[in-house]
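Dear colleague,

Please find below the structure that I am handing over to you. My notes on it follow directly after.

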Amino acid sequence: MTATLTQRALAARSNAYAPYSRFHVGAALITEDGQVFSGCNVENAAYPEGVCAEAGAISAMVAAGGDRKIATIMVAGKGPAPCLPCGGCRQKIREFATPRTCVLVVDEDGALLFKDNLHALLPSSFGPENLETAPEGKQA
């Protein structure tokens, strides 16, 4: 399955829209039930309004319906240094992660640069279970 994720992340990277930074990123994820989704970064002239590749892949997963648990996510950046998910993307991944969610990072040729679980990137994180509340009208 790693080969499939690598192909999909690199293909998404080739479609990235990055006219300002010229830093193209692709991402691909696989859900626990085997569905694969990909996304690429999309920049905007109003710089903070861009979308990261990981966010695009997560949006595609959510839009498709079905399983929303990320088993593995792969990021394909450019250059020799690993293109790890930014802080915002780490939190977005966390929303749909399991304790076993694996994060992989490959270079522009598909060579593996990083492999670990999400907890290593976002220890002691805040997630959906932190917001569980009592029924409306009752104190938690």
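Helices (H or I, at least four residues) and strands (E, at least two) are DSSP runs here, numbered from the N terminus. Please note that this is a predicted model, in which local features need pLDDT of at least 70 and side-chain atom pairs count only at pLDDT 80 or more, while totals for chains, interfaces and linings use all residues. Residues are numbered from 1 along each chain as its sequence is written, and side-chain values use heavy atoms, with hydrogens and water left out.

**The helices and their surroundings**

Helix H1 covers residues 2–14, 13 residues in total, and its first and last C-alpha atoms are 18 Å apart, close to the expected 18 Å (1.5 Å times one less than the number of residues). Its buried residues are Leu 5, Thr 6, Ala 9, Ala 12 and Arg 13; buried means under 20% relative accessible area, exposed over 50%, and partly exposed in between, with a 1.4 Å probe and protein chains only. These residues lie on the same side of H1 because they cover an arc of only 135 degrees around the axis, the arc being that of the directions from the helix axis to the C-beta atoms. Ala 3, Gln 7 and Ser 14, on the other side of H1, are exposed.

Ala 53, Glu 54, Ala 55, Gly 56, Ala 57, Ile 58 and Met 61 are its buried residues. They are covered by elements including S1, S2, S3 and helix H3 (87–95). After H2 comes Gly 65, with a positive phi near 75 degrees.

In H3, the residues Cys 89, Arg 90, Ile 93 and Arg 94 are buried. They fall within an arc of 145 degrees when seen down the axis of H3, so they line one face of the helix. Packed against them are H2, S3, S4 and H4.

**The nonpolar cores**

Which residues touch the most other members of the largest nonpolar core? They are Leu 29, Ile 58, Met 61 and Ile 70, in a core of 20 residues. A nonpolar core is a set of buried Ala, Val, Leu, Ile, Met, Phe, Trp, Tyr and Cys residues joined through side-chain atoms within 4.5 Å. At least two residues of this core come from each of S1, H2 (53–64), S3, S4 and helix H4 (118–121). H2 supplies the largest share, 4 residues. Another core, of 10 residues, lies apart from it, and Leu 5, Ile 30, Ala 76 and Val 106 are among its members.

**The cysteines**

The structure holds 0 disulfides, a disulfide being a pair of cysteine sulfur atoms within 2.5 Å. Cys 52 is in no disulfide, and the nearest cysteine sulfur, in Cys 89, is 3.7 Å away. Cys 52 is partly exposed, at a relative accessible area of 32%. Cys 102 is buried, at 16%; its sulfur is 16 Å from the closest cysteine sulfur, that of Cys 83, which is too far for a bond.

**Glu 43 and its contacts**

Glu 43 is located in the loop between S2 and H2 and counts as buried, at 16% relative accessibility. Setting aside residues up to four places away in sequence, Glu 43 touches Tyr 17, Ala 18, Pro 19, Tyr 20, Ser 21, Arg 22 and Gly 50. Its side chain makes a polar contact with the side chain of Ser 21 (2.2 Å). A polar contact is a pair of N or O atoms within 3.5 Å; within protein, one must be able to donate a hydrogen and the other to accept it, and residues adjacent in sequence count only if both atoms are side-chain atoms. A polar atom of the Glu 43 side chain also lies 2.9 Å from the backbone nitrogen of Tyr 20.

**Positive phi values**

Most residues other than glycine have a negative phi. Arg 22, in the loop between H1 and S1, has a positive phi near 60 degrees and is exposed, with a relative accessible area of 56%. Ser 124, in the segment after H4, has a positive phi of about 50 degrees and is exposed at 71%.

With kind regards

Notes. Contact = heavy atoms within 4.5 Å.
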